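Here are my notes on the model you asked me to look over. Please have the viewer open as you read, and take the points in order.

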Amino acid sequence: WKDPFSSHQYSERQYKYASALKSGIYTPQLVIDGQTQMVGSEAGEVASAISKELKGHPEARMAIENAEMNNGKINIRFGLTGHTAHSLLNIAFIEKKTVTAVGAGENNGATLTEYNVVRDFKIIDSVSQGENRLSLNFPESLQPGNRELVLFLQEQKDNQIIAVLERVHDAVLGNDFELHLEGPGAVLHAG
């Protein structure tokens with residue numbers, strides 16, 4: 001059975017983390033804040049590591065100034081403040097829920113429900129303090145009401161996540177959006 005959500009791009013990202021963190025590659029592997037890796041099924045360890053990171057203070061801030069849909073594109077104007085030099089802007093296009101019928105392997109005949117599946121991932125290396133603009137196309141497979149857009153700023157030198165932007169819903173695109181700051185950052189959902 002071939003994982004329908006696997007991607008060479010995602011595997012390369014995992015290898016880069018493994019190299020930086022001096023760890024192996026395995027499933028389910030979880031990387032927290034670009035700094036710590038662990039087995040993703042170890043719920044207690046995962047919760048503890050996330051809780052620790054959420055107590056930190058953000059090195060940078062991202063704030064949406066405007067977000068709107070135009071001709072099938074989401075246009076976002078956002079501001080960056082704080083330590084943003086040598087950072088990359090990562091953009092994950094998320095499918096909130098999907099169902100997969102397994103046709104082979106140990107789970108043959110099973111139906112799996114997956115949540116928060118990254119369906120596309122882009123990296124922009126040219127963001128700066130102050131105002132920034134993005135114009136993005138959602139993958140056609142992502143339907144309104146079942147999609148999110150997550151933007152996060154990451155240090156190039158050590159992979160640390162320094163800001164995250166969260167919560168823009170399709171209704172956003174009627175200028176109804178929420179911005180939630182959580183721990184070291186915030187996150188943007190475009191649903």
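1. A definition to begin with: a charge sits over a ring if NZ of Lys or CZ of Arg is within 6 Å of the ring centre and within 35 degrees of the ring normal. In this predicted model, the charged end of arginine 147 meets that description over the ring of phenylalanine 138, at 4.1 Å from the ring centre.

2. Some ground rules. This is a predicted model, in which local features need pLDDT of at least 70 and side-chain atom pairs count only at pLDDT 80 or more, while totals for chains, interfaces and linings use all residues. Residues are numbered from 1 along each chain as its sequence is written, and side-chain values use heavy atoms, with hydrogens and water left out.

3. How confident is the predictor in the chain? The average pLDDT (the predictor's confidence in each residue, from 0 to 100) is 83, and 86% of the residues score at least 70. Residues 169-191 have a pLDDT below 50, yet this stretch has 90 contacts in the model beyond near neighbours in sequence; a contact means heavy atoms within 4.5 Å. Where pLDDT is low, the predicted coordinates should not be read in detail.

4. Now the overall layout. The chain has two helices and eleven strands, where helices (H or I, at least four residues) and strands (E, at least two) are DSSP runs numbered from the N terminus. Along the sequence they follow the pattern α-β-β-α-β-β-β-β-β-β-β-β-β. Among contacts between residues at least 6 apart in sequence, 58% join residues at least 24 apart.

5. On surface and burial, 37% of the 191 residues count as buried. Buried means under 20% relative accessible area, exposed over 50%, and partly exposed in between (1.4 Å probe, protein chains only). The accessible surface comes to about 10500 Å², with 48% of it belonging to carbon and sulfur atoms; these areas come from the Shrake-Rupley method with a 1.4 Å probe, and for residues only the protein chains shown count as cover.

6. Which residues touch the most other members of the largest nonpolar core? Among its 22 residues, they are Met62, Phe78, Leu89, Leu149 and Leu153. Such a core is a set of buried Ala, Val, Leu, Ile, Met, Phe, Trp, Tyr and Cys residues joined through side-chain atoms within 4.5 Å. Two or more residues come from each of strand 3 (60-70), strand 4 (73-82), strand 5, strand 7, strand 8 and strand 9 (161-165). A second, separate core has seven residues, including Phe121, Val150, Ile161 and Val164.

7. Setting aside residues up to four places away in sequence, leucine 153 touches residues including Met62, Leu80, Leu89, Val127 and Ile161. Valine 127 is in the loop between strand 6 and strand 7 and is buried, at 14% relative accessible area. Its C-alpha lies 6.9 Å from that of leucine 89, although the two are 38 residues apart in sequence.

8. The whole structure holds two aromatic pairs. Rings of Phe, Tyr and Trp (its six-membered ring) pair if their centres lie within 6.5 Å; planes under 30 degrees apart count as stacked, over 60 as edge-to-face and the rest as tilted. Phenylalanine 93 and phenylalanine 138 are edge-to-face, with 5.8 Å between centres and 80° between planes. Phenylalanine 93 is in strand 5 (residues 87-101), and phenylalanine 138 is 45 residues away, in the loop between strand 7 (130-137) and strand 8 (147-155). Phenylalanine 93 is buried at 0% relative accessibility, and phenylalanine 138 is buried at 8%.

9. The other pair is phenylalanine 121 with phenylalanine 152, tilted because the planes meet at 55°, with the centres 6.2 Å apart. Phenylalanine 121 belongs to strand 6 (residues 111-124) and phenylalanine 152 to strand 8, 31 residues apart. Both are buried: phenylalanine 121 at 8% relative accessibility and phenylalanine 152 at 14%.

10. Finally, look at serine 135 in strand 7, which is partly exposed at 41% relative accessibility. Serine 135 touches Lys73, Ile74 and Asn75, not counting residues up to four places away in sequence.
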